[in-house]
Amino acid sequence: MCTPLFSTLTVIRAAILIQKWYRFTMARLEMRRRYSLSIFQSIEYADEQDQLQLSNFFTFMLDHCTHPDSVSQIFTSPSAPQVVDEDLSLKEFEKKIDVPDSYYGPRLSFPLTVEDANALLHAFRNEQLLHARYVLQLLSETRRVLKEMPNITHLSTSYSKEITVCGDLHGNLDDLLLIFYKNGLPSEQNRYVFNGDFVDRGKNSMEILIILFAFLLIYPNDLHLNRGNHEDYIMNLRYGFTKEVSKKYKDHWKQILCLLRDVFSWLPLATIIDSKVLILHGGISDTTDLDFLNALERNKLKSLMRPPKSVRDRQDQTKKRVPTTKPSKHIANQHVAGKTQHNSSSGFTEPSGSNLPPDPALKEWKQILDILWSDPRSQNGCTPNKRRGGGCYFGPDVTAKLFERYNLKMLIRSHEFKPEGYEISHDGKVITIFSASNYYEEGSNRGAYIKLNPELIPRFVQYQVSKFTRRKNLRERVGTIESSALKSLREKIYAHKSELTSAFAQYDINGTGRISVNDWAAAMESVLQLELPWRMLRSQLAQMNPDGEVDFMSCFYDLKMGQPIKETQPALAETLCRYRKDLEIIFNIIDKDHSGLISLEEFSQTWRLFTSHLGIDVQDDSIDKLVLSIDYNKDGHIDFNEFLEAFHVVHRLEKKATS
C-alpha cells in the first residue's frame, strides 16, 4: 500500500515530466513557426529584388524593342480614349458611362454622405462590385481632394481623444472591416491614419481603396492616407492589383488604372502628430530631410521603380566612369569590392570624388525612395538595404539624429511583416505597425493598430481574422504554415537546380554525391542568398546517410516541372521556371487587348531581350523550336498563360496525396 508521501512525490514527478514535455513541445513548435516565417520573409524580399531588376528591364526594353508602343504604355499615359481628363466633371462621367437597371449595387451621389459609405461597406461584405462609373467618379473626386493636401500632414490630438494608426492592409478587406468593427468607423471624433500599402497581394485591394477614399471625401480632416511603396503602378503589375482591376472591371480597367496612377502619386508622404510623432511608411536614412520632402512636387514620381530620366542618364555616366567586372549570376545581391565606389541607400552607385553636378531629380527620387522602402535595424549606421534592393537600413543613431534635428519623440512606420502585428525598436523610439493578419498563410500572424492619446502614449490592439484557424489546434496551425513555407522554398530551390548542382559539386571532390552538412548549407546560401538557417532546415529539404553526410541531389527528388514539353531542353526549362513570374508580367503588358495571346514574333523578341538584359545564356534556336511547338493551331499566336503554366514546379508527394 502506498504511503501518502510516496503518492505525493509520484504526482509531483509526473507533473514535472509533463511540464518538461510540454515546454519541449511548445519550444519545437515555436522554432518551426519562426523558421517558417523567416522563409516567407526571405523569399518576399528576394522577390522585391527581382521586381527592381525587372523594372530595369522595362527601360532596357523601351530602348531596344522594335515595336516600343506595346511596351511604352506602362510608362506613359494610355492612348486618348483611356485618358481621364482632370477637368472631366461628375456629370460628364454620367453621360459617358451608363449604369444599367440590372445593376443592384450602391448608387453613389456626390458629395458623399455617411449613408453612402455604409452602403459600400454592406455591398462589399456581400461581395458586390461598385459600378465602374461610380469608381471613376470616386477616384476623380479623390484626386481633387488629395491635390489640395500638403506632402506632410500635421495633426493634433487636441481635437479628439485619440488617433488610430493602421499599417499595411495589402488587399485584406476582412482586416479593415474588423478594425472598423472593433474601433468604430472614421468620424470627426474617431480619427484615423492609414500608413500605406493598401493594395497588392490580397484579393480585395479595390474595395479597400474605395472604402478609404469614400471616408476621405466625407471626413477629409479626420481620415488621412500616407503613400506606401505598393502605391506604385509598376509594383502593381507584379503583386496582383493590376490583374485584380482588369478582372473586376473588364470594360473600364485601363481608365481606372490610369486614374489610380495619378491618385497614388498625389497621396501625402508622411503625417506628424502634435509636432512629435512622425508617421511614414518605410523609414528614414541619414540624409532624410523633412523640409525638402515637404517642398518637392510629390506627384512627379508616378513610380519609384523607374527613376527620372536624369537619374538614369547619371547612372549610365557612372557605369562608363567606373570599371566593372563580369556580372555575377546573383545580380540582385552584388557587393562592390574595394573603395572605388560608394552606395547610397537607394542603391545608386557613384564613384568617389565624382565631378557629376548635383541633380535635384536624383535627390527627390532618393528622398522618397528612402522613406517608402527603408527598415530599422539594431546596429548603428545607415547602409543600403540589400535584402529588399531599395532604401536603407537605419540604426538608432540615425533615428536619434533626426529626432534631435526636428524635435521628435517617436517614429511610427509599417512596411514590414511582424508576427504579433507590431514591434518596438530603437529603445522605444521606433514602432512598426502591420495590420494585415494571416499575411503569408492562414494563422501566420496577428494584425494590429495603434491608439495614440493626447499624452502620445501608444496602446496596441491586436486581432486575427479567423475563418478556419479556430478549428485547428496549435500543432495543426504551425504545420499548415510550415508546409506552405517549405513548398515555396522548394520551388525556389528547383528553379536554381543547375547553379546548386554546380555549387554542391565544388565541395564533392571525389564525386560521391555526398557532402558535409556545413558544406551543403554553405552551397545553399551561396546560390540562393536567403540568409536562412540551412542546417536547421536540412532535415526538411535533403536526406542524410548514416555517416552524417548529405545526399545533395535529394533536394530535387520530390520536385518536377508541371507539364514538361518534350522539345524543351533542361537548361531552358529551368530558366523559364525561374523567371515565370517576370515573363508573365511582361507578356501581360504586351497583350494590349487582354486576350491572353501574343504573336510568335513578339514572344521571341521579348525573350531575346530579356535573356540579353539578364545575361542568361540560352540558344536562340531552343526557344524558336519551343515557340513553334506550342502554336498548336498554327495561327502565329500563342496562349502565353497556358505556356507559362507548363513551367511551374509540381511537388510529387503532394500530387500523390491528392490523387
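1. Cys166 stands opposite Phe194 in β3. The strands involved are β2 (residues 163–166) and β3, which pair in the parallel sense over four bridges. Strands here are DSSP E runs of at least two residues, and helices are H or I runs of at least four, numbered from the N terminus. Two strands count as paired if DSSP finds at least two bridges between them.

2. This is a predicted model, in which local features need pLDDT of at least 70, side-chain atom pairs count only at pLDDT 80 or more, and totals for chains, interfaces and linings use all residues. Residues are numbered from 1 along each chain as its sequence is written, and side-chain values use heavy atoms, leaving out hydrogens and water.

3. Strand β3 (residues 191–194) is covered on both faces. Arg191 and Val193 lie on one side, Tyr192 and Phe194 on the other, and all are buried. Buried means under 20% relative accessible area, exposed over 50%, and partly exposed in between (1.4 Å probe, protein chains only). In a regular strand, side chains alternate between the two faces of the sheet.

4. β3 also pairs with strand β4 (residues 223–225), in the parallel sense, over three bridges. Phe194 stands opposite Leu225 in β4. The chain crosses from β3 to β4 through helix α7 (residues 205–218), and this β-α-β crossover is right-handed. β2, helix α6 (residues 173–183) and β3 also make a right-handed β-α-β unit. Right-handed means that, with the strands pointing away from the viewer, the path from the first strand over the helix to the second runs clockwise.

5. There is also an open sheet of three strands, ordered β17-β19-β18, with antiparallel pairing. β17 (514–515) and β18 (543–544) stand at the edges with a single partner strand each, so one side of each has no neighbour in the sheet. Two bridges join β17 to β19 (residues 550–551). Ile515 stands opposite Val550 in β19.

6. Check the backbone at Pro111. A cis peptide bond joins Phe110 and Pro111, with omega about 0°. Pro111 sits in the loop between α3 (90–96) and α4 (114–125).

7. Two residues have a positive phi without being glycine. Glu127 has a phi of about 60°. It lies in the loop between α4 and α5 (132–147), and Glu127 is exposed at 74% relative accessibility. Gln529 has a phi of about 50°. It is found in the loop between α17 (517–528) and α18 (534–541), and Gln529 is partly exposed at 25%.
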